[in-house]
Amino acid sequence: MSKRILFVFTSANKTLTGAQTGWYLPEGAHPYYVLSSKYQIDFASPNGPNPPVDEGSVQNFKDDVPKFLEDATVQQKFASAKKLADVSAADYDAVFYVGGHGPVMDLASDPVNIKLASDFFRAGKITSAVCHGPAAIVGATDAEGKSIFKGRKATGFSDLEEEQIGKVKDVPFLLEARIKELGGAYEKAPEPWKPHVVQDGNLITGQNPASAHPIAEAIDKALSA
């Protein structure tokens, strides 16, 4: 029987400034392309069905609209997406948090999500996230009650990248700074917007949209080990 991966999406559709947001299209689409033929994938979000997509990402990644958003199987997965409260880590082999500014707004502080992410990590299961996705696991803790970032290598959307797109005031915290505050050994690509993926044990993180494809390859490798 194929292994199961839970893709977690945000339910937030507004940033602190009121700008439209959601989950970032290629960060859901590109990993799905890599993993869907080999693994059983379920979608989930705090509010369940049809989590909001970031409209800017739809404009910037038009190729992923017919391939992903208009794919009948994907549409069915979104329509039947589970509520996080109804999900158990015991039913999956890995969790993957899709980025976008949305996760910083809701998943980062959602107690149901924090417990779920902690359950995955404590069970030794792949706990992965790309771009702003790692914001969803800043509250997650290991078996000793310490941050899963403490003493571990990780990446995520850099403060410089946030500054370059003018979104610093849209989010309650900057991800790079938060990972460092939690005791993580933050890493990033030599240049902004270049792919960078970091694995430390069962924690796998990707820096930005360009990292969406390579993080999926890292998840596949880890699940195939």
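**Exercise 1.** State which residues of helix 1 meet which residues of helix 9, and classify them.

Solution. In this predicted model, Pro26, Glu27, His30, Pro31, Val34 and Leu35 of helix 1 meet Ala212, His213, Ala216, Glu217, Ile219 and Asp220 of helix 9; contact means heavy atoms within 4.5 Å. By class, the residues of this contact are 7 nonpolar, 2 polar and 3 charged (Ala, Val, Leu, Ile, Met, Phe, Trp, Tyr, Cys and Pro count as nonpolar, Asp, Glu, Lys and Arg as charged, the others, Gly among them, as polar).

Residues are numbered from 1 along each chain as its sequence is written. Local features need pLDDT of at least 70, side-chain atom pairs count only at pLDDT 80 or more, totals for chains, interfaces and linings use all residues, and side-chain values use heavy atoms, without hydrogens and water.

**Exercise 2.** Describe how helix 1 and helix 9 pack.

Solution. Helix 1 (residues 25-35) and helix 9 (residues 212-224) have axes 8 Å apart, at an angle of about 40 degrees (axes are lines fitted to C-alpha atoms, for helices over the stretch in contact; angles run from 0 to 180 degrees between N-to-C directions). Helix 1 is therefore oblique to helix 9 (under 35 degrees is roughly parallel, over 145 roughly antiparallel, 65 to 115 roughly perpendicular, the rest oblique). Helices (H or I, at least four residues) and strands (E, at least two) are DSSP runs, numbered from the N terminus.

**Exercise 3.** Give the strand order of the open sheet and its edge strands.

Solution. The order of the 7 strands is 3-2-1-4-5-9-8, with mixed pairing (a pair needs at least two DSSP bridges). Strand 3 (82-83) and strand 8 (197-200) are the edge strands, each pairing on one side only.
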